[in-house]
Each structure stands twice: as structure tokens, then as C-alpha cells.
Amino acid sequence: MAETPSSTQQPPASRPTSSLSDATLSSTTCPGDATKGVPEAAPEALDAAAALEQAGGFGPGQWCVLAVMGSVWALMAASFSLPIFVAAAPERLVVSCPLAAAAGEVAADCRQGMQLADDGWCGEAYRDAWRYARRAELVTAEWDIICEDRLLASSVGSAFFFGVLGGNAVFSPVPDKLGRCRSYVISGLISAIGAVICAEAQSFTMYVAGRLWAGFGQGGMSTTAWIVATEVVGKDYTSSVMLIMNFMWACGIVLLSLLALVVPAWRALSKFLVMFNLALCILGFLGWYFGLESPQWLAAQGLADGFHAVMGWLARMNARPYIVPPAPAEATAPAPSCDSGAAPSSEAKDMICKQPVAGWTVRFVLAYCGCSLGYYGLSLNAGNLGGDVHVSTILTGIVEIPALIAAAKLADLPRIGRRGTVVAGIASSALFCLLSAVLPAKSSTATVAAIVGKLCVTMAFCTVIMHAGEAYPTTVRGIALGFFSTCSRVTGVLAPMVVMAPPPLPLLAIGGWLALTCTTLLGLPETLGRPTPTSMAEAIQLGRSQQGGGCPCWRRYRQLREEPTATGEEAPQSQAHGAGQQAELRVIGRRLEP
């Protein structure tokens, strides 16, 4: 898109805005060398919220970023769903009954073309008496993962989850230390290497290793994508980001299901994921090359040139003017050390040591783990809705759309907010899981209850990710989200084991866990209507300001309603104050209207 010369304006007294490539160059050098003797930017010049308001809180520029970040989630959803189509129990058909009889298997109803049970005719003596119906479509058929080796097929899914768990743990501090864009590119390349190993695997062990490596890269890639998506939009559009990102996740599941109908071969599906992954890596590398970075991260690091360059790009894309604030020439910034780009160790330690943030960390861990167990457990438990595996998987993805819409609406209601949506979703899911467990097995009412339970936990899951991102400051947001995602992968790995238990134990276990979890979440902060904290001190102040409970904007509305306004006989200052109160009351009142 061609640049508009008048879209970025600059006062005569301010310093010239550097190019995007210059911003990238300065971010790759030691901050101490880059800022030595450079005039220190005024605080308002690096106010990300004010700059986003000027450049446009949500426009074509943000849509471009969200399209790429949402595609990362679609890639991860497709990779998560891949074992459904390539690691299922292979269908085996009888070729010759006489051969089976000669091997010792005598079956009165034996006939050519009959489908065998998963544990039927497993000996080597029967190998010539049957054939695979779809050898090229399944890795389990490609390498004879049948009979006593059948349990190895579950490693295709669990290896990916273990990789995601490790990726979340390792890449948690990377976005805060190296920047969002570089973290995205590095983790994306790791994921692409794993996808190539899977597509070109010559053994089952090699294929599982590729799945582990791909999951490791996508664990860091998906966390970084969410952080970037929430940091490039205005505060009022966070719920829209939640809706878009989770909608792309559902699209990834549906897309892979439709593709598996057309191209069922496992190598072809793996190569599709390779091309998808490489395309996202190329886009990330181009963003890195041209200096695109999260404006909030740049502001937190004090990289004024890069910050204004990115905001200028957003303004041009949104057809909005962007004026670079002037910087005072007399103030000189001190030369920081080369590790100043990292999140301060004291702030990271405050996540688990200082109240009320330490309490939030424990509660968010419980919320993430509960939502992960409920989402993946109920997804696997609802996999038998349709007779065809493709239909079943498509339904599993489609039914999430109402949950996403409900989450976006409820999370923005002042009387409910982020915290209320998370608690209500987890509590409702627990109720429907327990209800489905006591209803007759495989009945229509039990199935409907399980589906509604999955919708509720999906609503809570996508909201809690947004909630945690808004509660923690920019300097430790990557660490916090990565840590929570790592914890959630533990219960995600356990979900298949829980579902293997005889009914109704899986639903009882999931419902009981969710019921215990929701009782601890009322102590979480409400972030609706509050600016995102940029430091741990602001996060602590956020918690202390909500000791009275309720959403901040709702409490402020009630406070203004109760405060007396100025009369005509009062001083002019009081009249001005009263007029300001009335204006604020009208603005908040319009926001609270349904």
C-alpha cells in the first residue's frame, strides 16, 4: 500500500522520525549504546494508549496484523486436530478366509471383504489373510501400529501437547526480552522444521519426533501471536480480538476437516501444514525486516523511534494523521545496561511473591488448567456425535462459534465483565457435565448437556486468555501468559487419559474439577474499563482499587450518580467541576446501556 505523505505529521521543533529499518537496527543493538547522549523522550511521546487513539484503535492496519496472528491459531488448531485423521485405528479387510483357517483361525461367518476388529487376527501367521483399506491415509497403517502396538498411536497427539508445553515454558520470557516479532520468527522456524520432519518421516519414531518439535515451536508462536494481537488494538477492542482469534481457531479445525475429505493422504496433509507454516514464517520475517513490532513493547523499552515508526504505519493504514510529540532537548537519558530489554527480575518475582498479584497467579493457573481439561476432555468426549469422523470434527469446530459470540458480548457488559464471564462459564460447564453424567448414557439429553457444557467452557477459556493479558503489565505479560499456557498443557495432556475411563467417570471428573475451580476465581481483578498496566506498580494498584468489588466503570457510574453537582450559587470552579461530572456521567451511562 502506497504511503500517504500527509498521514504522519510532525511539529517543526520535534526530531525527525526515523524509518522502520532504522528502528529495527536500533532495537538489535545494545540499548546503552543506542541511547547514549540521545534526548530522552517525554513520557507522553511513548503513551501507547494515546498513540493508538490517535492512529486508530481498530482499522485496516489492525486487521492486517490480526489476519496473520489469527492464522497462527488456525495452524495450531489444524495441527492439534491432525491425529483424528492420520492416527486413527486402521481399517483392515479380510482377503482370504482359507488362509486364515490354515493359520488356525476358524470363523463360521468369515467372508472376503469383512472388516476385522482392532484386536482381530493379530498374529504374523494372519498377515497375508487381510489388507489395509486405507494404507496411504494413516500413519498407523503406514508403519503397522496395530494390535498390541495400538497404544503407540496416542503418542501422535500427546507428543504434540508435550511439545507445546515445552514451548510455552521455554518461550515465556522470549517475547519480553527479544521482542514480539523476533520471538514469533524464531518459534515459527522451529515449528516449520518440525512440520517438514513429519512430512518426510521414514519411520513412526521420526514422525512422532517431528510432532514434538512442531508442538514446541507452535507453543511459543501461539503465545506470541496472542500478545501481539492484544497490543496493537485500542483498549475497547480487546473483546473483538478474543472473538477473532478464537474464530480463527475454529476455522483451522473446520479447514483441516474439509481438506482431509479432498486429500486424505497423511503425507499430503502434512505437506499442507508445512506450506501454511512457511507462509506465516515469511510474513513474520518481513515484519521483522521492516521494523514492525508491538508498540506497547517498544514503549516499555523506551525505543521512541521504533515506537513512532510503528504508530505511523498504523496511522497510514487506517488513513489517520499521526503527530509525533516533541521531545525535550535538555534531558539526556542515562545509558542502561545491555540487559535492559529484559523484564526486570523483581517484577517477574512479584508475580509469585507480592500480593495481590501472587494471588492472581494462583487463580489464573487454576482457571487455565480447568478450562484446558474441560475443553479438550469434552472435545474428545463429543467426538462420536456423527457417524463419519469428518462430520464429527466439523461439528466440534462449528459449535464453538456461539460460545465465542456469547463470550464477546458478556465480557463487555459492565455488570458481568471479564471475571464474571470466566466464573459463569466454568460454573455452567461444571453443572452441565455433572448433569450429563447422571443422565442415561448415550441418550439425546446427555449428549445435549455435554455439548452445552463444552460451549460454556469454551466461552470461559477464550475469555480467561484475554483477562490474564489485561491484568499483567507489559514487562511480564509474555512470561505470565507463557506460564499459564504451560500449566494448562499439563491438564491438556491428561485429558485423553481421563476420557479413557469408563463412563460416567470422565464427565464426573471434569465437572468436579471445574466446580472446585470456579469457587476460587472471585478474587481475580476486573479489568473491564481499566487501562492495561505497564508496570507491576500499576498492576498492584489495580488490585487495591477493586477491594470493594464490581467493575470499575460500574462503580464510577454509581459514584457519579451519588455525588452532588454544583448549583448556580456555588463558585465557578465548583460549577466547572459539576459540569465535568455530568459529562463523564453521560459518557459512562451510554457505555452501560445494553
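Tryptophan 288 has a relative accessible area of 27% and is therefore partly exposed, a class that lies between buried (under 20% relative accessible area) and exposed (over 50%), computed with a 1.4 Å probe on protein chains only. Helices here are DSSP runs of H or I with at least four residues, numbered from the N terminus. This is a predicted model in which local features need pLDDT of at least 70 and side-chain atom pairs pLDDT 80 or more, whereas totals for chains, interfaces and linings use all residues. Residues are numbered from 1 along each chain as its sequence is written, and side-chain values use heavy atoms, without hydrogens or water.

Threonine 527 sits in the loop between helix 22 (505-518) and helix 23 (536-544), and it counts as buried because its relative accessibility is 1%. Its side chain makes a polar contact of 2.5 Å with that of glutamate 470, the term denoting N or O atoms within 3.5 Å, where within protein one must be able to donate a hydrogen and the other to accept it, and residues adjacent in sequence count only if both atoms are side-chain atoms. Beyond neighbours within four places in sequence, the residues in contact with threonine 527 include Lys235, Arg418 and His467, contact meaning heavy atoms within 4.5 Å.

Methods
Helices (H or I, at least four residues) and strands (E, at least two) are DSSP runs, numbered from the N terminus.
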